[in-house]
Amino acid sequence: MNPVLSDQSQTNAKTSLSPYQAEVIDLFVHAAQALSIPRSVGEIYGLLYSLREPVPMDDVISLLRISKGSASQGLRWLRDIGAVRSTYVNGDRRDHYVAEIELRRLASGFLREKVEPHLESGGHRLARIESLIATEADPEFATDRLQKLRKWHSLIKKILPFVRGFAKAGE
């Protein structure tokens, strides 16, 4: 029996969180906001992180008092980056969710889904910027700034493997 859920039924969630759970959720909300990730994503991850047992989306909605849309989008985003996974609970056909707590998996999923796509598109964007420099009133200034952007882009591409390796060392 899930200690967060009422004794009456696994599907009837309590409407309040323990002080410990509220504080863990608040920690992840602030972390999410620092990374420009929606608040609801931080809330969902914090809730799942603070629970021992897997919970269905209905309980996430009830415990956090968020909309079904926010819960669905947040869980999908967290699944996509590998921060949560669904698991089978005997006797219940719903998907139940648990938090991934290994730093390596969290970091590599975030890098794979959020950082690397921007890095890939950055090269194409830099080429487009270069093609537009001739239209600028001060092409010399624009060229100088483009060179700076290319250095940043190159540096980030070089640093990314080290960040991945550092995340692996955090296990």
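The following legends describe close-up views of a predicted model.

**View 1. An open three-stranded sheet with the order β1-β3-β2.** The three strands form an open sheet with antiparallel pairing. Strand β1 (55-56) and strand β2 stand at the edges, each with a single partner strand, so one side of each is left without a neighbour in the sheet. Strands of a sheet pair through backbone hydrogen bonds, in either a parallel or an antiparallel manner.

**View 2. The hairpin of strands β2 and β3.** Strand β2 (residues 84-89) and strand β3 (residues 92-99) run antiparallel and are joined by five bridges. V84 has A99 of β3 as its bridge partner. Two residues lie between the strands of this hairpin, where G91 takes a positive phi near 85 degrees.

**View 3. A nonpolar surface patch to which helix α6 contributes.** The side chains to be inspected here are those of I129, L149, W152 and I156, which make a nonpolar surface patch of about 370 Å². Helix α6 (residues 139-169) supplies the largest share of this patch, namely three residues. L149 has its place in helix α6. With a relative accessibility of 32%, L149 counts as partly exposed, because partly exposed residues lie between the limits for buried (under 20%) and exposed (over 50%).

**View 4. S36 in the loop between helices α1 and α2.** S36 is found in the loop that lies between α1 (19-34) and α2 (39-50). The phi of S36 is near 60 degrees, a positive value in a residue other than glycine. Most residues other than glycine have a negative phi. S36 counts as exposed because its relative accessibility is 69%.

**View 5. R65 in the loop between helices α3 and α4.** The loop between α3 (57-64) and α4 (68-80) holds R65. Here too the residue is other than glycine and has a positive phi, with a value near 55 degrees for R65. The relative accessible area of R65 is 62%, so R65 is exposed.

Terms used
Residues numbered from 1 in each chain as written. Predicted model: local features only at pLDDT ≥ 70, side-chain atom pairs only at ≥ 80, totals over all residues. Heavy atoms only, no water. Patch = residues over 30% accessible without salt bridge, like charges linked within 9 Å, V, L, I, M, F, W, Y side chains within 5 Å. Areas by Shrake-Rupley, 256 points an atom, 1.4 Å probe, with all protein chains shown as cover. Salt bridge = Lys/Arg side-chain N within 4 Å of Asp/Glu carboxyl O. Helix = DSSP H or I, 4+ residues; strand = E, 2+ residues; numbered from the N terminus. Buried < 20%, exposed > 50% of the residue type's maximum accessible area, 1.4 Å probe, protein only. Pairing = 2+ DSSP bridges.
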